[in-house]
Structures are given as structure tokens and as C-alpha cells.
Amino acid sequence: MSNARGLSTVGEPLTSRHTRLSPVGEPTSTASPCACFPLLLKEEQVLELLQIGRSVYFQLIKSGELESVLIGRSRRVPRDSLLTYVQELRATASAA
């Protein structure tokens, strides 16, 4: 499911028209892996992508573990910040 500008929306599978699965299940793409995601993600999108609840989301924002920006009264998470957070989680897991 995409909106009028072709950006992915909540509920859309993580694969898109730009990404296809190879026979072994590895993503292959002509665009960057994040090209299908908007630059700034809404709360609902972050919740779905990370598979977390609202209280954990707000804890991550409050602690600074997950960067966010305000646009008017709307809080958004930059996709780069989301990727950085996941990379930090992976680094912490591999160090343990």
C-alpha cells in the first residue's frame, strides 16, 4: 500500500516494488534498502517497524536512545536515527 507520492504507509509489507526477494530469501534491490521509507517516520510507523508498544517508544524518545524531531506539534523519527538505533542494539548484543 502506498500513498499518492509512492511512499510506504503503515501496514505495508517491508518489501516494496523496489525490493524483491531472491530465491534464497535475501533482499535484492536497485535502490538503497531504505529508499522506500519516508525521511521522517510517524509514531505508528516506528511502532510497527520496531514491533514495540507506545510506552517503550516514549521511553526511547525521552532517554535519547531514539532521536526525534518536532514539526509543529508532530513528533517524527528520522529514518537514519532508527537505523542507528538498530545498529547500536546489534552492537550491544554482539558484545554481550
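Which exposed residues does the face of α2 turned away from its buried side carry? They are Ser55, Gln59 and Lys62, where exposed means over 50% relative accessible area and buried under 20%, with partly exposed in between (1.4 Å probe, protein chains only). The model is predicted, so local features need pLDDT of at least 70 and side-chain atom pairs count only at pLDDT 80 or more, while totals for chains, interfaces and linings use all residues. Residues are numbered from 1 along each chain as its sequence is written, and side-chain values use heavy atoms, with hydrogens and water left out.

Helix α2 spans residues 54–63, and its buried residues are Tyr57, Leu60 and Ile61. Helices (H or I, at least four residues) and strands (E, at least two) are DSSP runs numbered from the N terminus. After α2 comes Gly64, with a positive phi near 85 degrees.

Tyr57, Leu60 and Ile61 also belong to the largest nonpolar core, which has 11 residues, among them Leu41, Leu66 and Leu82. Such a core is a set of buried Ala, Val, Leu, Ile, Met, Phe, Trp, Tyr and Cys residues joined through side-chain atoms within 4.5 Å. To this core α1, α2 and α3 each supply at least two residues. Apart from neighbours within four places in sequence, Leu82 is in contact with Leu41, Val46, Leu49, Leu50, Leu66 and Val77; contact means heavy atoms within 4.5 Å.
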